[in-house]
Amino acid sequence: MSVRPVENLDAAMRLAIEQSNLVKGGTYPNPPVGAVILDADGRVAGVGGTEPTGGDHAEVLALRRAGGLAAGGTAVVTLEPCNHYGKTPPCVNALIDAGVRTVVYAVTDPNEVAAGGADRLAEAGVQVQSGVLADEVAGGPLREWLHKQRTGLPHVTWKYASSLDGRSAAADGTSRWISSEAARLDLHGRRTAADAIIVGTGTVLADDPALTARLPDGSLADRQPLRVVVGMREIHSEAKVLNDDSRTMVIRTRDPLEVLKALADRTDVLLEGGPTLASAFLREDAIDRILTYVAPILLGGPVTAVGDVGVPTITRALRWRFDGSDRVGPDLLLSLVPQRG
């Protein structure tokens with residue numbers, strides 16, 4: 001590939017983050033890592049993102065694309081390069097063999113099996129720098145994987161659309177469409193990267209959703225999340241959620257913790273059920289992030305986005321903090337995380 005200059009290490013790391021986002025959803029159980037190789041003059045010589053399991057890790061792919069330009073250069077990686085033999089050899093070996101002079105990474109690998117890459121590189125005489133744009137990486141493409149490493153459970157994002165006054169439907173129950181087409185396209189992109197989507201039987205009976213990830217032209221995306229239906233009521237055998245577009249798991253429980261245990265092999269889970277299911281997860285402190293598409297409309301009426309969450313008085317309110325916001329068409333997309341501790 002042709003080389004091009006970057007202004008600084010932050011710019012190179014942002015390019016690595018782009019690569020990480022591009023492969024997000026397709027690397028499980030490996031993390032979606034992005035890597036950039038700069039030549040000795042600081043120009044981009046190769047980029048890469050982790051391939052599906054059994055394929056190359058980001059660093060190896062970027063090194064291959066850089067070829068001989070990697071010698072004396074710098075590797076910029078979103079996660080500390082691995083130091084263990086799995087389905088592929090350690091990435092640190094590839095970096096050392098390529099003659100890279102410096103390795104810069106954002107986040108230290110918390111996995112005890114794969115950790116130690118920085119020490120191994122330093123022992124081989126490679127300069128190592130950590131923490132570059134660590135917050136952007138930890139709160140971005142590696143958010144869910146890092147959560148899974150810390151807790152052993154999937155990261156749960158509750159996604160919903162609401163009016164300005166917090167209504168998820170009009171008084172007669174109609175809800176299509178509160179959010180804009182741009183917001184719906186954004187959601188389908190997030191579904192493509194997710195491992196599973198959870199809804200309750202009530203949503204299936206009321207709305208008959210397909211819960212698929214679709215491309216802008218309406219066709220099915222190549223990668224589809226597992227569809228998970230929870231609750232005690234029976235759903236019709238002809239429900240769209242049971243079609244052949246993706247796999248479906250039906251879990252006969254109302255307990256969010258049982259649901260998470262059943263999905264323990266997953267990393268990134270979207271909760272898209274109605275107010276009853278969301279309330280149950282909130283009461284169990286089982287939601288790690290809220291993504292809400294707020295439409296510039298007012299609906300009034302009784303249909304709120306969430307039901308009873310066990311808050312008897314304002315002093316017992318469930319506290320959240322904003323960690324991002326964006327415009328999606330006419331809607332405002334808000335990201336919030338729990339204010340725990």
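## Notebook: salt bridges, domains, spaces

Entry: I started with Arg 190, which is partly exposed at a relative accessible area of 28%. My scale calls a residue buried under 20% relative accessible area, exposed over 50% and partly exposed in between, with a 1.4 Å probe and protein chains only. The model is predicted, so I take local features only at pLDDT of at least 70 and side-chain atom pairs only at pLDDT 80 or more, while totals for chains, interfaces and linings use all residues. Residues are numbered from 1 along each chain as its sequence is written, and side-chain values use heavy atoms, without hydrogens and water.

I then looked up the partner of Arg 190. Asp 186 forms a salt bridge with Arg 190, and their closest N and O atoms are 2.9 Å apart. I count a salt bridge when a side-chain nitrogen of Lys or Arg is within 4 Å of a carboxyl oxygen of Asp or Glu. Both Asp 186 and Arg 190 sit in helix 7 (residues 181–193), 4 residues apart, or about one turn of the helix. Helices (H or I, at least four residues) and strands (E, at least two) are DSSP runs, numbered from the N terminus. Asp 186 is partly exposed too, at 24% relative accessibility.

**Entry: other salt bridges.** How many salt bridges does the rule give? I get 12.

Lys 24 and Glu 144 form one of the salt bridges, at 2.8 Å from N to O. Lys 24 is partly exposed at 21%. Glu 144 is buried at 4%.

Arg 143 and Asp 323 also meet in a salt bridge, 2.9 Å from N to O. Arg 143 is buried at 10% relative accessibility, whereas Asp 323 is partly exposed at 32%.

I also found a network of salt bridges that links Asp 39, Asp 41 and Arg 43.

**Entry: domains.** I checked how the chain is divided. The assignment gives domain 1 (9–145) and domain 2 (153–338); such bounds come from an automatic or database domain assignment. The C-alpha centres of the two domains lie 33 Å apart. I find 7 residues of domain 1 in contact with 11 residues of domain 2. Contact means heavy atoms within 4.5 Å.

**Entry: spaces.** I searched the whole structure and found 1 cavity of 30 Å³ or more. On a 1 Å grid over the protein atoms alone, a cavity is a set of points where a 1.4 Å probe fits but cannot get out; a pocket is an open set with protein on both sides within 12 Å along at least five of seven lines; lining residues have an atom within 4 Å of a point. Grid points are joined across faces, edges and corners, and volume is the space filled by probe spheres set on the points.

The largest cavity has a volume of about 140 Å³. Its lining has 15 residues, with Gly 25, Thr 27, Pro 32, Asp 195 and Thr 267 nearest its centre. Which domains supply that lining? Domain 1 and domain 2 each give at least three residues.

The second largest pocket has a volume of about 410 Å³. I count 25 lining residues there, and Asn 30, Pro 31, His 57, His 84 and Ala 114 lie nearest its centre.

**Entry: helix 2.** In helix 2 (residues 58–66), I find Ala 58, Glu 59, Leu 61, Ala 62, Leu 63 and Ala 66 buried. These buried residues pack against strand 2, strand 3 (43–49), strand 4 (74–79) and helix 3 (91–97). Just after helix 2, Gly 67 takes a positive phi of about 60°.

Entry: Is Thr 157 buried or exposed? Thr 157 is buried, at 2% relative accessibility. Thr 157 lies in strand 7 (residues 155–162). Leaving aside neighbours within four places in sequence, Thr 157 contacts Val 269, Leu 270, Leu 271, Arg 289 and Leu 291.

Gly 310 sits in the loop between strand 12 (289–294) and strand 13. Gly 310 is partly exposed at 44%.
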